[in-house]
Amino acid sequence: MTAGIDAADRKGRGRRVILWRHGQTSWNVERRFQGTTDVELTETGLGQARRAARLLASLKPDAIVASDLQRAAKTAAELAMLTGLEVTHDEGLRETYAGVWQGLTHDEIIARHGEEYAAWKRGEPVRRGGGELETEVADRAAPVVLRHADKLPDNGTLVVTSHGGTIRTTIGRLLGLEPHHWESLGGLSNCCWSVLGEGARGWRLLEHNAGTLPEPVLGDDD
């Protein structure tokens, strides 16, 4: 690195992306695969969204983009009310379409589509229920995130309100992980979030499945 490169160049533009999963729905409680089915938040889910919004608002986001499915849109609306920001809705951030799996409980999926489920868990490219591949979800969702992140000012923050599966595949794509390894990213609890920060070598995962405000990293690995 030459002496002429300043600290800002070494660290990138300092942008941050918060990928926020929606609040609880009745299908979450029933362990029923939602996919692109437009399921409402429960009262518990709405309360989760309000609590999380108060925390995320303190991070002073510059923009909010959300899936147009109501469980994500209504979660994002809670943050919009506190920040005064408008929410941009994009169907590219919807959950994975999973065909005949949608509406089935976890146990029903195992009973009816056990080998397909096992192959997916092994990291094989599987069209669950005849729906989308995980790579196809990343193909549509990751560009939405990048497009909005590119509009941020230096050190700006984007909140993306979406769905567990879509968030995992998007993180995997933005980190440059091979699809086979995306499953190594654990799931997100309702209304928890992951944080990607911009470094000199691209995006990196700063927090995953968080429900509290970030603390500075104090150590030799920053």
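Does Cys191 count as buried or exposed, and at what relative accessibility?

Guide: The model is a predicted one. Within it, Cys191 counts as buried, because its relative accessibility is 5%, and buried means under 20%. Cys191 is placed in the loop that runs between α7 (164-174) and β5 (193-199). Its backbone also deserves attention: phi of Cys191 is near 65°, a positive value in a residue other than glycine. Most residues other than glycine have a negative phi.

Lys60 is not a glycine, yet has a positive phi of about 55°. Lys60 is found in the loop between α3 and β2. With a relative accessibility of 66%, Lys60 counts as exposed, whereas Cys191 counts as buried. A positive phi is found at a glycine as well: Gly84, which follows α4, has a phi near 80°.

The axes of α6 and α7 come within 8 Å and cross at roughly 75°. The two helices are therefore roughly perpendicular to each other, since angles from 65 to 115 degrees are classed in that way. On the α6 side, the contact is made by Glu134, Thr135, Val137, Ala138, Asp139, Ala141, Ala142, Val145 and Leu146. On the α7 side, the residues are Thr166, Arg168, Thr169, Thr170, Arg173 and Leu174. By class, this contact divides into seven nonpolar, four polar and four charged residues.

Helix α6 itself comprises 16 residues, 134-149. Its first and last C-alpha atoms are 22 Å apart, close to the 22 Å expected at 1.5 Å a residue. The buried residues of α6 are Glu134, Val137, Ala138, Ala141, Ala142, Val144, Val145, His148 and Ala149. Among them, Glu134, Val137, Ala138, Ala141, Ala142 and Val145 also take part in the contact with α7.

Gly92 lies in the loop between β3 and α5 (106-121) and is buried, with a relative accessible area of 9%. Leaving aside neighbours within four places in sequence, Gly92 is in contact with Arg140, Ala141 and Val144. The C-alpha atoms of Gly92 and Ala142 are separated by 8.6 Å, although the two residues are 50 apart along the chain.

Ala66 is buried, with a relative accessible area of 0%. Not counting residues up to four places away in sequence, Ala66 touches Ala72, Ala76, Val87, Thr88, His89, Asp90, Leu93 and Thr161. Of these, Thr88 is 22 residues from Ala66 in sequence and 6.2 Å from it in space, C-alpha to C-alpha.

Two of the residues touched by Ala66, Ala72 and Ala76, belong to the buried residues of α4. The complete set of buried residues in α4 is Gln70, Arg71, Ala72, Ala73, Thr75, Ala76, Glu78, Leu79 and Ala80. The 14 residues of α4 should span 20 Å at 1.5 Å a residue, and the end C-alpha atoms are 20 Å apart, which agrees.

Helix α3 (residues 43-57) and helix α4 (residues 70-83) pack at an angle of about 40°, with their axes 8 Å apart. That angle makes α3 oblique to α4, and α3 passes α4 in a right-handed crossing. Helix α3 contributes Leu46, Ala49, Arg50, Ala53, Arg54, Leu56 and Ala57 to the contact, while α4 contributes Thr75, Glu78, Leu79, Leu82 and Thr83. By class, the contact has seven nonpolar, two polar and three charged residues.

Finally, Glu40 is found in the loop between α2 (26-29) and α3. Apart from its neighbours within four places in sequence, Glu40 is in contact with Gln24, Thr25, Ser26 and Gln70. Between Glu40 and Ser26 there are 7.7 Å from C-alpha to C-alpha, the two being 14 residues apart in sequence. Gln70, another contact of Glu40, is one of the buried residues of α4.

Terms used: Residues are numbered from 1 along each chain as its sequence is written. This is a predicted model: local features need pLDDT of at least 70, side-chain atom pairs count only at pLDDT 80 or more; totals for chains, interfaces and linings use all residues. Side-chain values use heavy atoms; hydrogens and water are left out. Axes are lines fitted to C-alpha atoms, for helices over the stretch in contact, and angles run from 0 to 180 degrees between N-to-C directions. Helices (H or I, at least four residues) and strands (E, at least two) are DSSP runs, numbered from the N terminus. Angles under 35 degrees count as roughly parallel, over 145 as roughly antiparallel, 65 to 115 as roughly perpendicular and the rest as oblique. A crossing is left-handed if the near helix is turned anticlockwise from the far one by less than a right angle, and right-handed if clockwise. Contact means heavy atoms within 4.5 Å. Ala, Val, Leu, Ile, Met, Phe, Trp, Tyr, Cys and Pro count as nonpolar, Asp, Glu, Lys and Arg as charged, and the others, Gly among them, as polar. The expected span of a helix is 1.5 Å times one less than its number of residues. Buried means under 20% relative accessible area, exposed over 50%, partly exposed in between (1.4 Å probe, protein chains only).
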